[in-house]
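Biologist: I've got a new model open and I'd like to talk it through with you. Can you put it up on the screen?

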Amino acid sequence: MLKSIFIILISITSSLIFFFFPTPPKSFYHYLFLSPSFTSNASIANHLYTLTRRPHVAGTPQNSETADYVLNTLSSYSLKSHIVTYHVSLAYPLSRSLILTPQQPSQPIKFDLIQETYEGDPYAEVASEVMPTFHGFAKSGTASGPIVYVNYGRVEDYERLQNMGVNVSGSIVLAKYGQIYRGDIVRNAHEAGAFGAVLYTDRKDYGSGKKWFPEGRGMPPSGVQVGSVYTGLGDPTTPGWASVEECERKSDEEVESSGYVPLIPSLPVSWADGETILGAVGGQVADDDWQGSGDLTYRVGPGPGFLSLTYNAENVIAKIHDVFGVIEGEEEPDRFVLLGNHRDAWTFGAVDPNSGTAALLEIAERLWKLQKIGWKPRRTIILCNWDAEEYGLIGSTEWVEENREMLASRVVAYLNVDCAVSGPGFHAAATPQLDELLKQSAQKVQDPDNSSQNIYESWAGSAKSPTIERLGGGGSDYAAFLQHVGIPAADLFYGGGYPVYHSMYDDYVWMEKFGDPMFQRHVAVGSLWGLIALRLADDKFLPFNYLAYANELQQSTKDLEADLTDTGVSLVPMFKAIEKLRDAGFNINRLIKAIDEKQGWRSMWKTDSLQVREVNDRLMMAERAFTDGDGLFERQWYKHLIYGPSKHNDYGSKSFPGIDDAIKNARKLNTTESWRSVQHEVYRVSRAVAHAALVLNGKMT
């Protein structure tokens with residue numbers, strides 16, 4: 001009833017606005033975009049249900065079907081839609097085996113490595129299409145050795161084992177998921193001398209108490225988190241160029257020597273199997289923060305339990321499909337605002353990633369409704385649906401590498417949503433010039449879990465301002481845009497981590513019962529995602545604030561300064577460069593205000609249009625200046641010197657990643673030359689920040 005009344009009021013208001021303003025302001029269309037008459041929980045739920053009926057791993061016929069569904073849906077909303085295909089290296093499991101030999105005289109245990117269906121499971125008939133549990137791009141081979149429990153498999157965990165006198169060399173490590181990227185877990189194990197790695201979801205981290213799915217939201221005993229262990233981005237056989245048909249490719253030997261694919265075999269297992277393995281581990285008792293939540297006491301080994309692990313993969317060149325829908329801009333068609341989400345999933349993918357796909361398609365429907373009543377964006381909007389993200393951000397990275405120069409010269413911003421919804425609680429990460437835009441937009445969208453407040457209010461909580469994370473990690477498709485090209489970016493989601501991540505139980509039933517029963521969070525994500533895009537596409541001046549960027553860099557540099565006490569490294573060049581950026585941010589904000597005051601209510605003359613365009617180009621290109629053609633040391637693909645992944649955790653976001661890598665190396669070597677390398681990285685960042693200031697000022701020296 002209330003929604004019907006609201007729709008009637010909207011209709012009356014719209015008629016009045018069109019009567020008095022034949023060409024309504026863009027803000028009016030933005031208001032309509034958020035109105036109940038434009039949103040649809042049912043539409044999102046239907047998209048999600050359709051996309052997740054079957055498992056759809058990248059490169060499979062099932063995932064090709066989902067590409068067709070997205071293409072047809074975008075086309076039905078009158079978007080200019082098309083598919084771009086790439087021929088990329090992927091790997092699928094051929095055979096797996098894991099045998100535990102406990103302390104004699106116990107008999108060996110051969111694990112079945114199967115995720116089980118449950119009574120009444122609506123997906124039982126298609127469960128056979130779920131791929132056997134495996135790690136994407138895992139090394140084929142056999143490894144055997146005594147078990148060593150290594151907690152989360154981080155560098156600091158191995159340091160603790162070393163301090164305990166535990167020798168990891170020649171072992172099979174057992175590591176928990178939950179703190180760092182699984183590819184880094186396997187790489188750290190190899191660097192410690194292990195022959196193989198077994199990764200499991202510990203009940204304490206993923207079990208959600210005594211109730212698991214379908215009775216509770218937690219991971220069932222047989223549930224397994226699968227995923228890639230490749231630590232690079234894009235097709236590993238085409239580093240730096242697009243994987244088009246009949247292109248140049250690296251050999252298997254060259255790929256292995258790149259350092260981005262694992263050099264020891266690995267397998268993922270369930271928490272039930274993980275506890276069985278832990279029961280066969282003796283030696284010293286693990287520290288309290290390494291223990292689980294059950295009655296079992298975790299020990300570190302090595303042995304006496306012994307594991308034999310075998311994994312064999314089929315490596316193929318598979319066709320993948322990126323899908324695009326385009327709404328061409330009326331005044332600046334050569335300036336692009338990109339919204340992106342990936343479509344491929346390890347299994348059914350209700351949370352990861354198709355909650356985001358469903359929201360993207362609902363945004364397309366809303367934009368179509370706006371077009372029908374006369375809205376045309378100032379700048380071009382492109383909806384992007386990526387393939388093969390799960391293997392290593394492959395679909396987005398190949399497209400970026402193929403279109404690098406066009407993107408560098410024309411893209412205003414990239415807005416990413418991967419797992420749109422997994423539960424309550426809004427989160428965002430962005431490059432700092434987008435902070436104010438995110439906050440302003442969040443104040444316009446109602447909180448889906450509390451109708452008395454907006455998203456901003458629930459997001460901020462009792463704090464003066466909400467926390468906006470940064471995008472240094474390589475966890476989703478923003479990476480190629482920001483970290484390779486230098487395009488401003490944001491990433492939005494509701495909920496965060498969820499127990500059935502990358503397992504067979506990430507399906508529509510879990511979402512409907514635990515993630516978002518009424519699909520109102522999906523609608524909220526779509527509203528905020530779309531509104532940010534509309535502001536970027538329609539505002540006369542790009543809503544960027546580089547004063548916020550300067551303030552963020554200032555604080556990050558102060559934090560770094562505290563970490564470099566008594567090292568002889570000077571951060572004075574960085575502080576001076578940041579001051580230049582702050583002055584430039586202040587100057588361009590003042591210029592924008594002056595132009596607006598000059599124009600007032602009169603129409604823009606051509607000279608004014610050119611001036612607006614020139615100012616916007618400065619705002620757009622300033623982020624590019626934070627990149628360096630030489631890239632990070634030993635990680636040249638990553639060009640951004642401000643935000644990039646930690647060397648030992650691809651999920652870990654780091655400010656000044658090159659400086660961070662150099663500091664870790666200097667602390668390890670503690671030589672004059674190693675500390676000179678730290679100072680060199682400081683100068684590199686300083687030069688990049690100074691270049692950004694020059695771009696904002698629009699003047700050469």
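**Talking through the model**

Modeller: Let's begin at T201, which is buried, as its relative accessible area is 0%. Keep in mind as we go that this is a predicted model.

Biologist: Fine. Where does T201 lie, and which residues is T201 in contact with beyond its neighbours within four places in sequence?

Modeller: T201 sits in the loop that runs from strand 6 (196-200) to helix 7. Leaving aside neighbours within four places in sequence, its contacts are Y177, Y206, M219, G223, Q225, V269, S270 and W271.

Biologist: M219 makes me think of G207. How far apart are the C-alpha atoms of G207 and M219?

Modeller: G207 is found in the loop between helix 7 (203-206) and strand 7 (227-228), and it is buried because its relative accessible area is 1%, under the 20% cut-off. Beyond four places in sequence, G207 is in contact with D202, G218 and M219. G207 and M219 are 12 residues apart along the chain, and their C-alpha atoms are separated by 5.2 Å.

Biologist: Let's zoom out. Does the radius of gyration of the chain agree or disagree with a compact globule, and what is the value?

Modeller: The C-alpha trace spans about 90 × 65 × 55 Å along its principal axes. For 701 residues, a compact globule would have a radius of gyration near 27 Å, so the chain agrees with that, at 26 Å.

Biologist: And what share of the 701 residues is buried?

Modeller: The chain has 22 helices and 16 strands. Of the contacts between residues at least 6 apart in sequence, 79% join residues at least 24 apart. As for buried residues, their share of the 701 is 59%.

Biologist: What about charge: how far apart do the centres of the positive and negative sets lie?

Modeller: There are 63 positive and 84 negative side chains in the chain. The centres of those two sets lie apart by 7 Å.

Biologist: Which domain feature does UniProt place at residues 323-508?

Modeller: Over residues 323-508 the chain is 31% helix and 22% strand, with the end C-alpha atoms 23 Å apart. The UniProt record, an unreviewed entry, names this feature "domain: Peptidase M28".

Biologist: Now H56. Is H56 buried or exposed?

Modeller: Look in the loop between helix 3 (41-51) and helix 4 (61-76) for H56. Not counting residues up to four places away in sequence, it touches L51, Q62, N63, T66, R343, D344, A345, T347, F348 and N354. With a relative accessibility of 0%, under the 20% cut-off, H56 therefore counts as buried.

Biologist: And V281: what separation do the C-alpha atoms of V281 and G496 have?

Modeller: V281 is in the loop between helix 9 (271-278) and strand 9 (306-327), and at 6% relative accessibility it counts as buried. Residues it touches, not counting those up to four places away in sequence, are I147, R299, V300, G301, G303 and P304. V281 and G496 are 215 residues apart along the chain, and the separation of their C-alpha atoms is 33 Å.

Biologist: What is omega for the peptide bond from D352 to P353?

Modeller: P353 is found in the loop between strand 10 (332-342) and helix 10 (354-372). The bond from D352 to P353 is cis, with omega near 10°.

Biologist: On to the backbone at L113. What is phi of L113?

Modeller: Most residues other than glycine have a negative phi. L113, in the loop between strand 2 (109-110) and strand 3 (135-136), is buried, with a relative accessible area of 7%. Its phi is positive, near 55°.

Biologist: Last one: what is phi of F137?

Modeller: F137 lies in the loop between strand 3 and strand 4 (141-149). Its relative accessible area is 9%, so F137 is buried. Phi of F137 is a positive value in a residue other than glycine, near 65°.

Terms used. Residues are numbered from 1 along each chain as its sequence is written. This is a predicted model: local features need pLDDT of at least 70, side-chain atom pairs count only at pLDDT 80 or more; totals for chains, interfaces and linings use all residues. Side-chain values use heavy atoms; hydrogens and water are left out. Helices (H or I, at least four residues) and strands (E, at least two) are DSSP runs, numbered from the N terminus. The radius of gyration is taken over C-alpha atoms; the globule rule is 2.2 Å times the number of residues to the power 0.38. Buried means under 20% relative accessible area, exposed over 50%, partly exposed in between (1.4 Å probe, protein chains only). Contact means heavy atoms within 4.5 Å. Lys and Arg count as positive and Asp and Glu as negative; His and the chain ends are not counted. The place of a charge is taken as NZ of Lys, CZ of Arg, CG of Asp or CD of Glu. UniProt positions are given in the numbering used here, feature names are shortened, and annotations may be inferred rather than shown by experiment.
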